Amino acid sequence: MENLNELLKMIVPREWLFSVMPLPSSTHANDLDLLYWFLIITCGILFLLVVVPLFLIVVRYRRKTVHQRAESQKDHNFWMESLWTFLPFVYLAILFMWGFLQYLGMYVAPHDALELRVIGQKWQWSVDYPKEEISVAGVGATIAIPINRPVRLVMSSQDVIHSFFIPNMRVKQDVVPGRYTTLWFEPNQLGEFPVLCAEYCGDLHSNMLAKVQVMTDDAYKNWVEEQKSQNQNVPLPELGEKLYTKLGCVACHSTDGSIKLAPSFKGIYGKMEELTSGASMKIDDNYIRNKLLTPTKHTAKGYPQIMPSFQGRVSERDISGIVEFIKSLSGKQAIEGG
Amino acid sequence: MSAISAHAGTNYLNEKKGIWSWASTLDHKRIGVMYLFSIFFFFLIGGVFALLLRTQLLSPAGSLIDAKTYNQLFTLHGAVMVFLVIVPGIAASLGNFVLPLQLGAKDVAFPRLNLMSYYIYVTGSIFAVCSIIFGAIDTGWTFYAPYSISAQGKVTLMLTAIFILGFSSIFTGLNFITTVHKLRAPGMTWFRMPLFVWGIYATSILQVMATPVLAITLALIVVERTLSVGIFNPALGGDAVLFQHFFWFYSHPAVYIMILPGMAVISELVTTFSQKKIFGYKMIAYSSIAIALISFLVWGHHMFTSGQSPLVNMLFSALTFLVAIPSGIKIFNWLATLFKGSISLATPMLYCLSFLFLFTIGGLTGVFLGTLSVDIHLHDTYFVVAHFHYVMVGGTFMAFIGGVYYWWPKMFGKMYSEKLGILGALLVFLGFNMTFFVQFYMGSQGMPRRYYNYLEQFQTLHQVSTFGSYLLGVGFLVVLINWIHALVKGAPAPANPFHATTLEWTHTQSPPITHNFEVQPVVHHEPYEYGDEPHSIHGFQGLKA
């Protein structure tokens, strides 16, 4: 396989190798690109094998006079037909084996892989580092991983099907509600690489972005420490503001009064809100708390019930932070209610 | 050879007049024509949706329409094009018109059932249009659960529409199967049937066997939406991946419901416009049947990233490669037919050549996607979008337009303009490649499909694609103008302008009489015998015109 790789690099200039697929950044990506180029070259040859004869035949045998008849009415040739049945069979068998073996390698993760748990929800990714006891989340969240070490993601979805896709690593896996799926890769390039959702999941599907930041071991350790210390001692409203982006509230709730998919936070605290049930409720600390933990209980009139539950994902301090943040957008500082 | 009487004057178009005579007709030719115009109508609607989508994608954060509208538009583009245009497509329109004629029959086996199929199609499409007007859906044409369970819009209405349309498909399939078995003219053995008949026959088998599964699946979604029974939604104890298995169990064979009739048309065009006996008749006929059967066993290749087990993925990958082989055989057989032929470059043949070019690309990029590890990267990207447009539009739709041009003189007794025909064919070919070829590159680079916004690096490519789609739109308009022009001002068509050898050309006038044949044709030889006696071949002008 290494020899083939070298051979390929002699045929195809290096800069081309990287021009069709995005910069390969994992061990698997290098292997895959080899197969990809094998496909491009062989399928290119096959394409020419059809199109060049087609062109030549059309030029050579074009009807030039009204009386021109076909030069032959021969309608079979056993050897030719056997050839174009058998050769594709061999070619496809090779591709099948190559693709399958590579896929098996993609499927079985090494034992020492760093394990992350990923949750997909409309419309953001959140990633937990169980050993380090930290988590990152939100639109555009940075998922840091150390270089040259296999990472294994155990993923599930909170609502609909999403798909975790890192083009540079050449990995993709659907993230399905009600079950776990996994993928793994070993990054071998430092840098920042986009993470995209590849399974259509609704309004903001194309905004469901994150990035993988591949770091040196030391940088990774520092990053982990930084994350750990980050949420300590932050004033409540500031913590709330952070969570507002991190938990993805920003997708549906604006802070400037514009209407997205749910009521804007601006000036909402203390207001009476009409509910789909017909009743009205005052938006206070308890309302916000309930909405975070059991969102289906009450829904504001005129909006679809699309809010997911954050039960178990937010601490008491987080809830207080969010309440204080929403309050600050209504110009209220004193703590009211219970 | 010629059993066409010269008295003429009356034909199936002018024998009875008035709307009612069309609405109550049992004539397969009139029903075929009604299908044809209905399908054109929905093609225009689906095409407008596509142009709006492409316009939105001119800039990475474009704001021509909002995200919700964009999602509705790509859903409707897909749903309309698949269920109202290309699934009924060639089989219901050209199939209805041509199949009984090619068999030497007076009509299909069950003319009343045939009319009912058309009315079911109309009913289904009215439901679909209602769902678009009263609450456009945004589930994607694939209706993946659990998104479709909770999605807003008139999902149930659209599912009902497709449920109804399925019956139209099943009845047409039944009708054609019976017709082929029971109504062949005396002397027409199975291996004397034109290849168009073989292709439509294989398609009919798929329609009858696969469509019920789709109907059941969609009905289950409706049950789940209205009664909250947990079938596909994990929140209620269902299984989301199960839906994909059910859906693709129909929808993969459906891909062949779409492409087999296209291949069937191409077999006719290749032989007629090269005036040469088709190469490897039996291989082409058998490969249609092989494709039909194997296509039932490859649905899982739509689900390589869904989380199904590696063993299952391996089997589906292997079977997928297997189904590629009969398609390859057909391509080489068509090439061999052209070899040493007398090739006319009349408009239908230009579409036939476009088909060979574009379908080869569509097929070979399918090889990329069948390769397991490569598919993981390309799945749900623009590469897939480009691949299936090369197959469905570059393949089926090119064959469809070519077929309509080819049988137009027979259907309406009028010749189309060769000049406009060539212009349209060139615009369509260029526009199509410009729209979709760049999408292979975008997909390789990791541009996911169904994206309202996209990374800035893709802007230039998206713009090329969008301008290509405008060119393609203009091309289709030219085709449409040519057909309308032909209807209004076209020169009268002779009975057999392209010197074809099948019964609809040799034994009927243009357009045929209501009962098709003056006398029952009797078949003495294989379908594509061009003989040796010299004669002048009309419609040879091709590019010189």
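S6(A) and S9(A) run antiparallel to each other and pair over two bridges. Strands count as paired if DSSP finds at least two bridges between them. Helices (H or I, at least four residues) and strands (E, at least two) are DSSP runs, numbered from the N terminus. Before going further: this is a predicted model, where local features need pLDDT of at least 70, side-chain atom pairs count only at pLDDT 80 or more, and totals for chains, interfaces and linings use all residues. Residues are numbered from 1 along each chain as its sequence is written, while chains are lettered from A and ligands numbered from 1 in the order in which they are written.

Back to that pair: A:Phe165 has A:Leu196 in S9(A) as its bridge partner. Both strands sit in an open sheet of five strands with mixed pairing, in the order S4-S10-S9-S6-S7 (chain A). Strand S4 (141-146) and S7 of chain A are the edges; each has a single partner strand, so one side of each is left without a neighbour in the sheet. On average, neighbouring strands of this sheet are turned by 25° against each other, direction ignored. Axes here are lines fitted to C-alpha atoms, for helices over the stretch in contact, and angles run from 0 to 180 degrees between N-to-C directions.

What packs on this sheet? Helix H5 (residues 217-230) of chain A does, touching S4 and strand S10 (210-215) of chain A. The direction of H5 makes about 135° with that of S4(A). Contact means that the C-beta atoms of two residues, placed from the backbone, lie within 7 Å. Is H5(A) in the open or covered? Of its 14 residues, the number buried is zero, so H5(A) lies largely in the open. A residue is buried if 20 or more other C-beta atoms lie within 10 Å of its own, exposed if 12 or fewer, and partly exposed in between, with C-beta atoms placed from the backbone.

Chain A has another open sheet of five strands, again with mixed pairing: S3-S2-S1-S5-S8 (chain A). Its edge strands are strand S3 (134-137) and strand S8 (181-185) of chain A, each pairing on one side only. From one strand to the next, the twist averages 20°. Two of the pairings in this sheet look like this:

| Pair | Sense | Bridges | Residues opposite each other |
|---|---|---|---|
| S1(A) and S5(A) | parallel | seven | A:Leu116 and A:Leu153 |

Strand S8(A) is mostly covered, with four of its five residues buried.

Now for helix H4 (78-107) of chain A. H4(A) has 30 residues and reaches 43 Å from its first C-alpha to its last, close to the 44 Å expected at 1.5 Å a residue. The expected span is 1.5 Å times one less than the number of residues. Its buried residues include A:Trp84, A:Leu92, A:Phe96 and A:Tyr103. What covers the buried residues of H4(A)? The cover includes H3 and S7 of chain A, together with helix H11 (310-338), helix H12 (347-370) and helix H13 (372-378) of chain B.

That brings in the other chain: 73 residues of chain A are in contact with 78 residues of chain B. On the side of chain A that touches chain B, H4(A) gives the largest share, 16 residues. By class, that side has 45 nonpolar, 16 polar and twelve charged residues. Here Ala, Val, Leu, Ile, Met, Phe, Trp, Tyr, Cys and Pro count as nonpolar, Asp, Glu, Lys and Arg as charged, and the others, Gly among them, as polar.

Chain B has 17 helices and zero strands. Its radius of gyration is 23 Å, close to the 24 Å that the globule rule gives for 545 residues, so chain B is as compact as a globular protein of that length. The radius is taken over C-alpha atoms, and the rule is 2.2 Å times the number of residues to the power 0.38. Of the 545 residues of chain B, 62% count as buried. B:Val385 is buried, with 21 other C-beta atoms within 10 Å. Not counting residues up to four places away in sequence, B:Val385 touches B:Gln439 and B:Arg449.
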